[in-house]
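The following exercises concern the contact between two parts of one chain. Please study the sequence and the structure before reading each solution.

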Amino acid sequence: MSELLLPPEQRYANIIEKRRNEDGSELTILNLGPTHPATHGIFQNILLMDGERIIDGEGTVGYIHRAFEKIAENRPFYQINVLTDRLNYCSAPINNMGWWMTVEKALGIEVPKRVQYMRVIVMELARIADHIICNSVLGVDTGALTGFLYVFQFRERIYEIYEEISGARLTTNMGRIGGFERDWSPAVWTKLDAFLEEFPEVWQEFENLLVRNRIFMDRTINVGAISAEKAMSYGFTGPNLRAAGIDYDIRVAQPYSSYEDFEFNIPVGKSGDTYDRFCVRNAEVWESISIIKQALAKMPEGSYHADVPEYYLPPKEDVYTTMESLIYHFKIVMGEVPVPLTEVYHPVEGGNGELGFYLITDGSRTPYRLHFRRPCFIYYQAFNEIVRGQNLSDAIATLSSLNVIAGELDA
Amino acid sequence: MALENAVIQEKLIGQFGMKVSEFVQLHDILTFEVAPDAILEVMKFLKEDATLRFNFLTDVCGIHYPEYDSNRQFAVVYHMHNWLDSVRIRIKCFLPANNPEIDSVTSLFLGANWQERETYDFYGITFKGHPQLKRILNMDEMEVFPMRREYPLEDAGRTDKDDRFFGRTQNNC
């Protein structure tokens, strides 16, 4: 049996024993997690340490595995949306919109331009919220609490916008097949305007606080670096890949939901270290703000949902008064809607990388198979290689800059 | 010039003949089957060929098809992506019900490591040459492969459960 198949603590105990006999060195095992506050999520790293230095490590994941892929095989499409919320819960609307776009692709539904723009606004808000969390928490992990408390007020403002749109804040369950469940109220637009008015100044202050901060730079530059080749081989996507210098962004490579209508840059870094990841996210927030502004300026007229009565629930008052709506309502709820036999893969640019939905239908109202391509599950496997040879405190900063979300890691 | 699906198909058939088959365009992705014993060389060719340049392994996952023939019960699906021409392909390898095994592609893409472990964990598909093939999301003591279809979800409407075992008493609900 291969050494690597042993439980890590046993494997490391053997190494410690061997090294002690060889040269008398005193290695130790450190159990980081699963509920350590610095890991920002429920996952464990068993580290083999020489003093403060990490010699080797092995991650054990799966502490909050909820069998979403199995559950999804038993649920109609519209009930799967609540599962996607709980993947990357820092940017739930991106997951929601990605899922609806996957279903629409499978069913061949064209959504109105207005819906596409509304989706872009929501997805970019979610990206801002995600990057606010990641970057400000990176500040906390390196000792700066002020920025975190300051910008979190604006994450709160984004959540208020979600609340106006969908009624929920964290796990939003936003949208329907073909569009949104209701038109956006005037409060959404005013809150959006107020957010765009006030947030840039705050984000600028946050940047000023950290970007040229000596302590922050010393803690992050050349910490947790990964080369572009390694990052690609490990399946990195999103800001972590772009920090290593590759300008791959699905919004540009394969535009969805009318991203081709907007002008924006893809920020890239050079060295792929913690500092570059931080800077790429910072710059992406500016691009997101600009995309939202463009979408608001160009917002087309039209309906907030596609005209697909077979899949989109009719308004309740119509169900009570018109025969046709009653029939559609019944068919949708009882699952008598036509679903073609097909396979689709739809990727969206999530908060931390390429979030893909691989859906196989068998003509019934539930998927035959649904696989989530969860970006952080794929890139988190590089963590142990990245931190090997570093100090423990650097590993904490690296982990937080990788934006690993436990819900997405474990599905 | 963008990479055409016909070119991909032609090159693969020219190189591997009968080992690649069933080319079909499903929505925006060219899908085809590869014989399980050829997956490593096909993927190496796709990655290293100067025109194909499929430089990124997007996704690896398993599927269970209990209604298919016994030599095609499981499938491993690979999504590959050519970033330079922005073209995706989907590769399917069908495996038998008894002892499904396939070569690991961790030697080509490091990122396949955990994805193959996940596939093993949920479907019991063995990846030959994998450095560390053990369970990843489920606990090590587990004896079944839960995504296989012989393990259905529990009926949500069952009434024979004793509430006391789930922390519910008359006092707290």
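**Exercise 1.** How much area do domain 1 of chain A and domain 2 of chain A bury between them, and what percentage of it is on carbon and sulfur atoms?

*Solution.* Note that the model is a predicted one. Step 1: identify the parts. Domain 1 of chain A covers 3-60, while domain 2 consists of 68-307 + 337-410. Step 2: state the area. The two domains of chain A bury about 1500 Å² between them, and 57% of this area is on carbon and sulfur atoms. Step 3: locate the main contributors in domain 1. A:His40, A:Phe43 and A:Ile54 lose the most area to domain 2 of chain A, together giving 38% of what the domain 1 side buries.

**Exercise 2.** Determine which side chains form the salt bridge across this interface.

*Solution.* Step 1: count. The rule finds 1 salt bridge between domain 1 and domain 2 of chain A. Step 2: name the partners. The side chains of A:Arg388 and A:Asp56 meet in a salt bridge, with 3.2 Å from N to O. Step 3: place each partner.

**Exercise 3.** Describe the side of domain 1 of chain A that touches domain 2 of chain A.

*Solution.* Step 1: find the strands. E1 (28-32), E2 (44-50) and E3 (53-60) of chain A each supply at least two residues of this side. Step 2: identify the largest share, which comes from E3(A) with 7 residues. Step 3: sort by class. This side of domain 1 has 9 nonpolar, 7 polar and 4 charged residues.

Notes: Residues numbered from 1 in each chain as written. Chains lettered and ligands numbered in written order. Predicted model: local features only at pLDDT ≥ 70, side-chain atom pairs only at ≥ 80, totals over all residues. Heavy atoms only, no water. Domains from an automatic or database assignment. Buried area = accessible area lost by both parts, 1.4 Å probe. Salt bridge = Lys/Arg side-chain N within 4 Å of Asp/Glu carboxyl O. Helix = DSSP H or I, 4+ residues; strand = E, 2+ residues; numbered from the N terminus. Nonpolar A, V, L, I, M, F, W, Y, C, P; charged D, E, K, R; others polar.
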